[in-house]
Amino acid sequence: MKSLVIVESPTKTKTIKKYLPEGYVVDSSMGHIRDLPSSAKEIPAKYKKESWSNLGINVEDRFDPIYVIPSSKKKVVKRLKKLLKDADELILATDEDREGEAISWHLLEILKPKVPVKRMVFREITKEAVQKALENTRDIDMNLVHAQETRRILDRLAGYTVSPLLWKKISPGLSAGRVQSVAVEFLVVRERERMKFKSAIYYDLKADLSKTGTSEEFNADLTHLDEKRLASGKDFDENTGKLKKPDAVVLLDEEKASKLVDDLKEADWSVSKVDVKKQKRNPAPPFITSTLQQEANRKFGFSARDTMSVAQKLYEKGFITYMRTDSTKLSGQAIGAARDAITDQYGEDYLFERVRNYGSKSKSAQEAHEAIRPSGSRFVHPEKTGLRGREFKLYDLIWKRTISTQMAQAELEFTNVTIRATNEDTTADFRTSGKKILFPGFFRAYVEGSDNPDEALENQEKYLPPLNEGDSTELNNLDFVSHETKPPARYTEATLVKELEKRGVGRPSTYASIISTIQNRQYARSDGKRLIPTFTAFAVSSLLENHFPDLVDSDFTSSLEDKLDAVARGKQDPVKYLDDYYKGENGLKAKVDQQEDKINPQEAKLLDLPLDGLEGIKVSVGRFGPYAKVEKDGEEVTTSLPQDMDPSDITADKLEELIKLSEEEDKPIGTHPENGEPVYLLSGRYGPYVQLGDVTEDNKKPKRVSLLKGMKPEDVDLDLALKLLELPRTLGEHPDDGKVVKAGVGRYGPFVVHDGKFKSIPKRESVLTIELDRALALLAQKNKSKRGSSEIKDLGKHPETDKPIRVLTGRYGPYIKHGKKNISLPKGETPEDFTLDKAVQLIASKG
């Protein structure tokens, strides 16, 4: 008997083959084999005249979707059909979540098998799990299929109905999305809070003390003055910078703090109170999708997409259980494996006295039955996996978090001490605290936010000498310290994921793609860790808030998720659900139709920024980016805002400076001494620049040179402008071949070049003053790496040809190499995130 087993990924194919008996052929569908049309050309001809055809969904007949097989999947379907002809049974072994269930259903619909069909599911790719799944096959769960299909239709209706409105009213190419728009709203609301924030300065005192008769020093901070609490950051109003309750606290300014230091240097210091408490701490639950994304971002700086990409590889290679889950439960097998690992690694003293179970807090913990953990009945120690790089880091994180769940509690002792300083006029209370780890327990394996548990243990302890009430203390040093209140922190990927999950918006399995989308659509940019909303994000969020508040309401979006969960359980009719959402007086379609004529495009593009001092100056988004405008003497003066300026960077002074520059654009700062042409200092979307000559019919693109990094417009005079306009400068001829050596500025900064060979100019040197001798010395330096193509990552071997697939970068950008084939990476794909599965699909699509 011959069985055809279909999974969704080539890597999974390779792993599962090892655990199946003879007679089983395993192949991959490469993800979904069909989907809603992605463009007008994919819509079948028979539907093109229908009013709903652009949606790809028949909204007039039970929201029946049009499914098409993309051109890139036609070869896959052909291959699977051919394999099915020789099979006696078909086993669908895609992932067990809604997406995986839907892939299996689509395969069934397209392949139309005439042989028996079985649905096989497993949460880990181990011999035991695969064989058990083979013995316990089931039918396709249509409730899960309906839930996935309903979500897909819902997202299409939201995106395709609202996005065209944004194109008309704000700018082409924008998009709205059921979860995406709420995520952008979170970023914008937080940025508005930061922009409205008014900082405040306050002071306190720090004392360096020692117990009388000893040399053991400790420090303490002033908390109360004459029995009244000292003001701290939490006492200030974020919008005014003033105290919320001025009479309830003591506020020190610099003068008062300095005087108090002088007064207390002559005071008597002694211990007035000692409070010792012991505390036991329990480990965090095992990872679910969202907490894994958050912790990997905190510890390693991984993006949500990076984390899911690496986790997918670990799952498909058989190292961890399925990585898309809302459940914190561990199976009996996992608990046993964790407890064995603890005994082997740390000894029985570190084993918790009983099995520790975790219930799922998530109201949506549905078809995923277990937390993310190392696979198998015996966990492989990270050092013995053979993994490297990011895969090792993530597996090590999962291994430590999992075994920590069954480890003993950490026992800590906290000591809080009040030191009182008294003189004739003043009583001041200073506080200090100590922390001891009496027994590390699970801290030995895992400390949240730390890479190295042993190092974290040392950092956690804070030593205090033995102190008792009444003990006299000596003042060694006393000084005042200034503090400034800080605005609310911007979201990082980790904190945005946490907020989305907390509010019940979307599902953890979608967060990686949502965060990527809002950056790709230029609603936000990352400065390395924090997500900063753009001017476009402000415009879109304002429009949605004013005209479609439900689309940015986290409670409304969360209620949609609850209904999708009900569909998955068979408790909600998907057609009625979609009907309520899209049709009727309160449906999305009616709302868009009603609001469209009420939205003035010019007003929609105008940003309502919560900033002081912008009276008369308006900021808008336009086709070529954000700009400021103001009316002066009956005329409107406009100026582009530099690309590197964020909404929160705006101040009245900066805008006035840019507008002044724009006003003076008609006035040259001088004339070129050789040709008499005017030299201008101008401002554009890429920032300030100098220009030689006027724009005319004969000279449509006069020479323009951007100001160098660090230069300010007010510092530019004619002499500096002329030096900039000389770029690229000819420095002279190379003594070896007589060819010209030049200095200029390019995409990667200042450089010198000779005969096609480039060398960067060090930061401490200037492209405007570098001479030939120095340029020759730079050009003589050896390159750190050979020119030409360089490898970025090795994806592994092609599951069919067994040839290696590598991602390289070359003269024309990143590409993959497979045998003799070189294929450029698709637009929008980053080399670091490109996977073996994507590469195999790309190779297949290119024939």
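1. Strands here are DSSP E runs of at least two residues and helices are H or I runs of at least four, both numbered from the N terminus.

2. A word on the source before going on. This is a predicted model, in which local features need pLDDT of at least 70 and side-chain atom pairs count only at pLDDT 80 or more, while totals for chains, interfaces and linings use all residues. Residues are numbered from 1 along each chain as its sequence is written, and side-chain values use heavy atoms, with hydrogens and water left out.

3. Back to strand 1 (residues 3-7). Strand 1 runs parallel to strand 2 (residues 24-28), with five bridges joining them. Its pairing with strand 5 (residues 89-92) is also in the parallel sense, over four bridges. Pairing here asks for at least two DSSP bridges between the two strands.

4. How many residues of strand 1 are buried? Five of the five are, so strand 1 is largely enclosed by the rest of the structure. Both faces are covered, with S3, V5 and V7 buried on one side and L4 and I6 buried on the other. For the cut-offs, buried is under 20% relative accessible area, exposed is over 50%, and partly exposed lies in between (1.4 Å probe, protein chains only).

5. For the overall picture, the protein chain has 23 helices and 30 strands. Of its 847 residues, 50% are buried. The C-alpha trace spans about 95 × 85 × 75 Å along its principal axes.

6. Now the surface charges. D653, E656, E657, E714, D715, D717 and D719 form a negative surface patch. Helix 20 (residues 652-663) supplies the largest share, three residues. D719 sits in helix 21 (residues 718-725), and D719 counts as partly exposed because its relative accessibility is 48%.

7. There is a positive surface patch too, made of K75, K78, K82, K85 and K821. Helix 2 (residues 74-85) gives the most to this patch, four residues. One of the lysines in helix 2 is K82, and K82 is exposed, with a relative accessible area of 63%.

8. The patch rules, for anyone checking: members have over 30% relative accessible area and no salt bridge, with like charges joined within 9 Å and nonpolar side chains (Val, Leu, Ile, Met, Phe, Trp, Tyr) within 5 Å. A salt bridge needs a side-chain nitrogen of Lys or Arg within 4 Å of a carboxyl oxygen of Asp or Glu.

9. Some backbone geometry to look at. Most residues other than glycine have a negative phi, and most peptide bonds are trans. Which residues are joined by a cis peptide bond? L727 and P728 are, with omega at about -5°. P728 lies in the loop between helix 21 and strand 23 (729-733).

10. K112 is not a glycine, yet has a positive phi of about 45°. K112 lies in the loop between helix 3 (98-111) and strand 6 (117-119), and is exposed at a relative accessible area of 60%.

11. E227, not a glycine either, has a positive phi of about 70°. Where is E227 found? In the loop between strand 8 (217-225) and strand 9 (228-229). E227 counts as exposed, at 57% relative accessibility.

Conventions:
Areas by Shrake-Rupley, 256 points an atom, 1.4 Å probe, with all protein chains shown as cover. Lys, Arg positive; Asp, Glu negative; His and termini not counted. Charge placed at Lys NZ, Arg CZ, Asp CG, Glu CD.
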